[in-house]
Amino acid sequence: MIFHSIDYLLFLPVVAALFFAVPHKWRWLLLLAASNIFYASWRIEFLALLWFTTIVDFVAAKAMMRAPRGSKERRALLALSMLCNLGPLAFFKYSALLAETTFYDVRIGDYSLADVILPLGISFYTFQTLGYSIDVYRGKREAETHLGIFGVYVMYFPQLLAGPIERPYKLLPQLRERQVFELRRSAIGCSLILVGYFKKLVIADRLALMVPEILATPEHHTSLTVTLAAAGALYRYYADLSGYADIAIGSSLIMGITLSQNFRRPYAATSIAEFWQRWHITVTRWFTDYVYIPIARKAKVWSRFIATVLTTILISLWHGASTAWFTAGLVAGLLMIGEAAIRRRRKSLASATLILGRIGISEKGAKFLGRNANRALLWFFLLFLGSIVNAPGWEETLGIWGKIGELPADALSFSAGFGVFTISKTLLVLIFALEIYQWLDERRPVFDRLEAAGPIIAWPFWWGVVAVILVFGVFTSATFLYFAF
Amino acid sequence: MGWNRLSVAAFLTIGAVLLGLLNLAGRLPINGPTEPQQLEAKFEKINGADAVSLGGSIGNAVDFNAMCVDGAPFYNDGQDLFETEALIELILAQADHPDLFFVVLGPSSLYHDNGLPVQGSVHRRRAVYAFLQGEGRWELIEADWRQALLAQAMPAMGDELGFPWRAILSGTIGQSHAHEPDLALDTVGIAPEDANSTGHLQARQWEEEIDATVFYHPEVFEETTQALLRTAKMIDQAGGQLIVVAPPNIAPLVSELRRSRHDLIVNYSAALTALREEGAIVLDHWGDAEYSTRYELFRDASHLNAIGADKLSRSVRNRLVHSEIVEENECSK
């Protein structure tokens with residue numbers, strides 16, 4: 001079931017109403033049934049895989065509790081869990097990549113590796129269950145004893161297909177807690193869902209109609225159009241992914257279950273390292289905890305560098321199974337190492353502030369300039385990396401880089417290459433509006449601000465958002481980008 | 001702002017009024033007739049005619065003037081075969097319905113289901129529903145309750161809702177865009193040097209669309225074929241004749257599909273054979289070399305232009321005269 005479908009708009013209120021109507025002790029069963037219906041409405045056959053993962057991890061974790069820490073048996077159980085989680089993930093997700101790069105002609109009957117269909121949500125529920133098994137193995141938490149509640153933890157429908165990836169310590173206690181219906185909390189949930197729909201239908205899907213065509217034929221467009229399209233492709237990713245997360249978080253909040261924030265205005269970051277702390281937060285944290293830290297902890301000099309590059313490559317490959325994503329991950333890792341090295345040279349930063357002070361710029365002004373210069377630099381890197389994954393091939397990537405490179409000269413000379421662009425101006429205004437909303441929301445939630453302003457302001461605002469979605473939205477896209485992950 | 005039942009009721013009432021206004025805005029012919037109104041206008045011309053043509057945009061391949069047949073076009077952009085079946089059912093329910101039913105069919109038509117948002121054409125299903133419901137027919141097309149519901153609840157959304165109003169607004173301030181005359185568009189052919197890339201691009205687009213459709217609706221081919229066979233039976237029972245026209249595509253598209261999507265071609269041939277067995281007249285020009293390398297006859301890789309449609313329709317006429325389906329007359333000589 002897709003979040004922006006009539007099915008879901010009917011499904012969610014029914015489930016939420018039933019959730020508060022049934023006695024607390026049966027709510028897990030309701031959520032489990034609802035989650036299974038939610039998933040099976042796409043393809044019922046992949047439900048078996050989901051249950052397989054759930055049961056293996058449930059049983060393995062319980063068995064780990066009985067085995068002594070550090071024992072071979074405990075290690076074997078973790079290995080079994082990893083095999084049963086990562087095996088299907090590797091097969092389903094990376095078959096197409098192998099088919100494109102190595103095993104071109106591997107066929108079984110009429111089927112080739114390229115025909116393998118990616119089960120929805122596999123990247124998310126695999127990592128959620130794997131994290132659980134690792135935590136139990138490390139003794140960080142007790143194994144869940146109730147298969148039904150563990151099943152809800154793995155399959156909870158708001159976050160089943162595309163996260164956020166929740167840790168057991170956060171979600172499992174909430175599933176056991178007795179939730180009481182709160183009108184205000186539900187209203188906040190609905191406002192989040194609305195913002196998610198705005199991001200997805202108005203921004204992401206509108207960008208999807210214009211940006212790929214420009215990036216596929218950069219030679220036919222002006223330098224400004226191509227640069228804006230490259231930036232638009234990055235923004236599309238953000239609006240699509242964070243839109244999904246907002247709908248997931250809002251849906252869950254109606255039932256009183258708080259999911260983790262997954263995006264925090266990532267494009268406002270001032271460094272690549274900060275970008276990763278704001279982008280896909282739950283995924284980055286997962287890889288930091290289970291990949292980066294174990295490697296970086298090793299005393300060897302190069303371990304931190306290897307950990308950084310390996311983590312960015314894995315995060316990148318998690319986003320997309322292709323050589324372009326691998327390359328982007330590798331370059332991002334190397335850039336992060338370079339950035340960290342520069343940041344350690346505090347002396348040069350201090351001297352830059354000193355120079356700015358000499359030409360009459362205050363310390364506050366120097367900081368402001370510094371932050372925005374860093375943002376501009378980050379955007380430059382993101383455009384550079386984004387062009388690798390958003391262009392259909394390397395030839396087009398080079399074409400995009402070439403056009404971006406022409407932009408300063410075109411701007412200085414006000415040549416035709418700068419003058420004409422074909423991105424919708426209405427869309428740019430809507431993106432600007434979203435940015436202002438998020439900027440305000442980060443400081444104090446917009447819902448609270450409007451609530452304080454009273455219904456005369458608040459109600460027209462929220463219904464205005466509904467009207468904007470209905471008038472400017474694109475209602476012909478069936479999927480979220482997440483579904484390819 | 002206090003949250004209580006009264007404030008929620010007031011909030012929802014305001015929303016209902018707003019949605020009602022948007023619903024009304026989507027039904028008004030602000031910038032020319034809406035899609036259901038266009039279908040209505042076409043439908044009115046069918047009663048009393050001898051023939052009618054249905055199908056997607058490739059329906060332009062049947063030119064009744066060139067065919068010297070009193071026919072009414074009832075094809076529309078993106079019309080899928082489930083909708084074709086429902087529309088033919090409506091036509092057959094009329095007292096003075098045509099006898100000849102031309103259904104124009106390409107290989108990708110068998111993989112079209114407007115009930116799936118993935119093809120970007122759900123609004124077409126909604127428009128067909130709005131038209132059918134206006135005619136008092138409330139049956140579901142292929143069990144698609146979603147667009148049936150929306151056809152009444154919110155008949156226009158997104159560009160269908162916003163674009164006419166924006167066009168009016170930009171017209172008021174003098175920014176309306178001049179439209180190219182249709183005739184000029186329809187006589188322009190494909191430059192031979194562009195034929196390969198045009199064919200390749202179309203094949204790639206179809207492949208993506210088909211894969212996406214099959215992903216969500218794996219049995220789509222079987223079901224569209226069944227819809228066609230039911231349609232043939234229905235026309236036969238009403239004393240009419242189904243004529244299936246498979247219009248030509250340009251050679252690079254044909255060869256690209258034969259190379260990369262053999263399954264598609266096999267299924268297409270199987271559907272045409274099944275239709276023949278059901279009593280339909282099938283005029284298969286899909287890979288016809290007489291057309292496929294004459295790029296001046298094509299508007300794009302899969303659509304004939306007006307000159308191409310004229311040529312094909314004359315050929316169709318000759319076949320039908322030969323089969324004694326239509327009579328020889330002065331016009332066709």
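Hi everyone, let me start with one residue: Lys199(A) counts as buried, because its relative accessibility is 5% and the cut-off for buried is under 20%. Please keep in mind that this is a predicted model.

So where does this lysine sit? Lys199(A) belongs to helix α9 of chain A, which covers residues 183-216. What does Lys199(A) touch? Leaving aside residues up to four places away in sequence, its contacts are Ala204(A), Tyr238(A), Ala239(A), Ser242(A), Gly243(A), Asp246(A), Leu434(A) and Gln438(A).

Now let's step back to the two chains. How many residues of each chain are in contact? Chain B brings 34 residues, and they meet 29 residues of chain A. Together the two chains bury about 2700 Å², with 75% of that on carbon and sulfur atoms.

In a salt bridge between side chains, Arg146(B) meets Asp7(A), at 2.4 Å from N to O.

Which elements of chain B give two or more residues to the side touching chain A? They are α1 (5-27), α5 (122-134), α6 (145-153), α7 (159-172) and α9 (195-216). Helix α1(B) gives the most, with ten residues. By class, that side of chain B has 23 nonpolar, eight polar and three charged residues.

How values were computed: Residues numbered from 1 in each chain as written. Chains lettered and ligands numbered in written order. Predicted model: local features only at pLDDT ≥ 70, side-chain atom pairs only at ≥ 80, totals over all residues. Heavy atoms only, no water. Contact = heavy atoms within 4.5 Å. Buried area = accessible area lost by both parts, 1.4 Å probe. Salt bridge = Lys/Arg side-chain N within 4 Å of Asp/Glu carboxyl O. Helix = DSSP H or I, 4+ residues; strand = E, 2+ residues; numbered from the N terminus. Nonpolar A, V, L, I, M, F, W, Y, C, P; charged D, E, K, R; others polar. Buried < 20%, exposed > 50% of the residue type's maximum accessible area, 1.4 Å probe, protein only.
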